[in-house]
Amino acid sequence: ADLGSACWVDNQFSQMIGTRQYRGPEVLLGATYGPPVDVWAAACLAWELAVGSFLFQPRHSTKSRDAEHLAGITRLLGPLPTALVKRGKQCQQLFTNSGELLHFPTSALQPRTLQHELRVKFSWDVTLAESFSAWLLPMLSLLPEARATALHSSQHSFLGGDEGQALDAARAAVAGREVAVSLAVTLTSISYPRALASRLLSSPWADLDLTCGQESAKVHGLL
């Protein structure tokens with residue numbers, strides 16, 4: 001993680017914030033952003049810690065990386081809401097007059113789901129894949145105003161009384177794979193349960209330097 005692109009809510013000095021792989025659709029579109037962008041980033045980070053690869057990873061190519069990034073989001077989470085697209089300052093550079101993403105027409109995208117990826121690509125148990133997906137999906141709402149808050153996400157049943165079993169199962173799901181995840185993260189805008197932080201810190205498949213902070217509406221774009 002890189003804190004170099006973090007900014008204050010009331011002093012946004014850059015439209016393009018956050019690490020590429022963790023940027024929310026509102027940032028990619030050039031729309032107004034706020035604290036919900038950190039919830040999106042946290043969901044992307046949680047996925048990376050769980051499976052050892054990025055949720056969204058646009059390739060370097062001659063085509064627009066932002067368009068490719070949005071295509072990956074569309075493929076996994078559905079079409080971008082028209083209301084959100086219209087807010088974006090970059091919509092004319094990213095979409096055709098008919099509303100299709102440049103270089104990535106809807107007909108060429110092969111829809112998939114988080115559960116499908118976890119079960120097919122990473123061989124997760126059905127129950128665990130459903131539970132983990134149910135936690136992440138509200139954090140990945142395409143409309144920022146409909147996205148789960150950090151507090152709401154921290155109270156999800158996936159992180160409740162059985163979070164120990166769920167996280168142990170998650171570790172087992174990637175056991176035997178050569179997964180190297182080294183992240184230095186300061187989450188000052190998201191409050192993580194200490195039990196979860198403890199388990200992540202002791203995880204055999206992630207080398208994580210995690211500082212648990214109090215929920216804050218002041219700083220975002222940290223991830």
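Ser141 counts as buried because its relative accessibility is 17%; buried means under 20% relative accessible area, exposed over 50% and partly exposed in between, with a 1.4 Å probe and protein chains only. The model is predicted, so local features need pLDDT of at least 70 and side-chain atom pairs count only at pLDDT 80 or more, while totals for chains, interfaces and linings use all residues. Residues are numbered from 1 along each chain as its sequence is written, and side-chain values use heavy atoms, with hydrogens and water left out.

Where does Ser141 sit? Its place is the loop between H7 and H8. Its side chain reaches the backbone oxygen of Leu143 at 3.3 Å. Leaving aside residues up to four places away in sequence, Ser141 touches Trp40, Ala146 and Arg147 (contact means heavy atoms within 4.5 Å).

Now to the rings. The structure holds 8 aromatic pairs. Rings of Phe, Tyr and Trp (its six-membered ring) pair if their centres lie within 6.5 Å; planes under 30 degrees apart count as stacked, over 60 as edge-to-face and the rest as tilted. Here are two of the pairs:

| Pair | Centre to centre | Between planes | Type |
|---|---|---|---|
| Trp124 and Phe132 | 5.3 Å | 35° | tilted |
| Trp135 and Phe158 | 5.3 Å | 20° | stacked |

Trp135 lies in helix H7 (residues 126-136), and Phe158 in the loop between helix H8 (150-154) and helix H9 (163-173), 23 residues apart. Both Trp135 and Phe158 are buried. Trp124 counts as buried because its relative accessibility is 4%, and Phe132 because its value is 3%.

Methods. Helix = DSSP H or I, 4+ residues; strand = E, 2+ residues; numbered from the N terminus. Polar contact = N/O pair within 3.5 Å; in protein donor to acceptor, adjacent residues only side chain to side chain.
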